[in-house]
Amino acid sequence: MTRETVINTLLALLLLAIPLGASAMGEPFYITLATRIAILALAAVGLNIALGLGGLVSFGHAAFFGLGGYAAGILATHAFDGVPLFAGIPGTASMPIIWLVAVVVCGLIALPIGAISLRTTGVYFIMITLAFAQMIYYFAVSWPAYGGEDGLSIYVRNEFPGVNTAQPLSYFLICYVVLMAALGLFWLLRGSRFGAALQAARQNATRLAAVGIAPFNVRLVAFAVSAMVTGLAGALFADLNKFVSPSMLSWHMSGELIVLIILGGKGRLFGPVAGAMLYVLIEYALGGITERWQFFLGLILLGVVLFARGGLLGLLAGKARHG
C-alpha cells in the first residue's frame with residue numbers, strides 16, 4: 001500500500017467521521033459543513049477529469065454546476081406547484097430523476113461547447129469556455145420565470161427512495177456515496193485506455209494522432225463527462241441550500257473549482273477532496289474573523305504554487321506515480 005493510498009483512506013474516513021461525530025453531539029451545523037465539502041469536492045472531481053487528466057483549463061465549469069442546480073430547482077418547483085413544465089411533462093421531487101436530468105442536460109450542452117472550444121488551445125480555450133459560461137449566466141439573470149437575478153427558492157426537500165433526506169446526516173451520506181462513486185469513476189478513467197489516450201493528448205497530441213487516435217474526440221468525451229459530474233454536484237448543492245441563483249453560474253465559481261484542484265493536487269485521485277476540505281476550513285476559520293479571508297487564501301494558494309506544485313497531496317504523499 002502506497003503512502004498516497006493511506007492518505008486517501010484517511011481523508012475518506014475523516015470526511016465521514018466529522019458528520020457522524022457531529023450527529024452524536026447534536027451539532028447539525030458541522031454536518032452541513034461536511035456536506036458542503038463533499039459537494040464541492042464532487043464538482044472539482046468533474047473538473048479534475050478535464051483539467052487533471054486532459055490538461056484542459058476550463059474556466060467555464062460553473063455553467064454546468066449552475067445548470068445542474070437549475071435542473072433541480074425547476075423540476076422541484078414544478079412538482080411543488082403541480083404545474084407541468086412544457087408539453088405536459090410534470091415536475092418531480094425524485095432525486096434519481098433530477099440527477100439524471102441534470103447529467104443529461106449538462107452532457108448535451110457540453111458537447112457543442114466543447115466542440116467549439118476544443119478547436120482552440122491555451123489562453124484562447126480558457127477565454128472561450130469563460131465566454132460560454134457568461135452567456136449562460138446572463139441568460140439566467142434575464143429569465144424572470146425562474147427568479148432571474150433574485151434566484152429560485154426550492155420549497156421541498158427532494159426525495160430519495162428509502163431515505164429521509166430531511167435529516168442532515170442522511171443527506172450527507174447520499175452526497176458522500178455519490179462522491180465516492182465519482183472518485184471511483186475518476187480512478188477507472190485514469191487507469192483505462194481512454195485515460196491513457198487523454199493523458200497522451202495532454203502531453204503530445206501529435207504523437208497520439210500518429211498512432212491513429214483522434215485527440216479531439218478523446219478530449220471532447222472527457223469534457224462532456226467532466227461537465228456531467230460537475231452538473232450532478234450542482235443539483236446536490238441546490239438541494240442542500242434549497243435555493244439556486246445565477247451566482248452558481250458565475251465565473252467566481254469556476255475559479256473556486258480550479259482553486260480546489262490546485263490546493264489539493266491536480267490529477268490526484270483525492271486532490272479535490274483535500275482541496276475542498278482545506279478551502280472550507282479556511283473559509284470557516286477565517287471568515288468569522290475577517291471579511292477579507294480570501295486574502296489569506298490567496299497567500300496559501302501562492303505558497304502552494306511556489307513550493308508545493310503537487311498541492312496538499314503532493315506535499316504529503318510525494319510525486320504522483322501514475323502517467
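## Helix H2 against helix H6

A crossing is called left-handed if the near helix is turned anticlockwise from the far one by less than a right angle, and in this predicted model H2 passes H6 in a crossing of that left-handed kind. Helix H6 covers residues 168–191, and its axis lies 9 Å from that of H2, at an angle of about 20 degrees. Because angles under 35 degrees count as roughly parallel, H2 and H6 are therefore roughly parallel to each other.

On the H2 side, the contact is made by Pro 28, Ile 31, Ala 34, Thr 35, Ala 38, Ile 39, Ala 41, Leu 42, Val 45, Asn 48, Ile 49 and Leu 53, while H6 contributes Pro 168, Leu 169, Tyr 171, Phe 172, Cys 175, Val 178, Leu 179, Ala 182, Leu 183, Phe 186, Leu 189 and Arg 190. By class, this contact of H2 with H6 comprises 21 nonpolar residues, two polar residues and one charged residue.

## Helix H1 against helix H2

Helix H1, residues 3–24, packs against helix H2, residues 28–53, at an angle of about 160 degrees, and the two axes are 8 Å apart. That angle makes H1 roughly antiparallel to H2, since the cut-off for this description is over 145 degrees. The crossing in which H1 passes H2 is left-handed.

Leu 15, Ile 18, Pro 19, Ala 22 and Ser 23 of H1 meet Tyr 30, Ile 31, Ala 34, Ile 37 and Ala 38 of H2 in this contact. Nine of the residues in the contact of H1 with H2 are nonpolar and one is polar, with no charged residue present.

Conventions. Residues are numbered from 1 along each chain as its sequence is written. This is a predicted model: local features need pLDDT of at least 70, side-chain atom pairs count only at pLDDT 80 or more; totals for chains, interfaces and linings use all residues. Side-chain values use heavy atoms; hydrogens and water are left out. Axes are lines fitted to C-alpha atoms, for helices over the stretch in contact, and angles run from 0 to 180 degrees between N-to-C directions. Helices (H or I, at least four residues) and strands (E, at least two) are DSSP runs, numbered from the N terminus. Angles under 35 degrees count as roughly parallel, over 145 as roughly antiparallel, 65 to 115 as roughly perpendicular and the rest as oblique. Contact means heavy atoms within 4.5 Å. Ala, Val, Leu, Ile, Met, Phe, Trp, Tyr, Cys and Pro count as nonpolar, Asp, Glu, Lys and Arg as charged, and the others, Gly among them, as polar.
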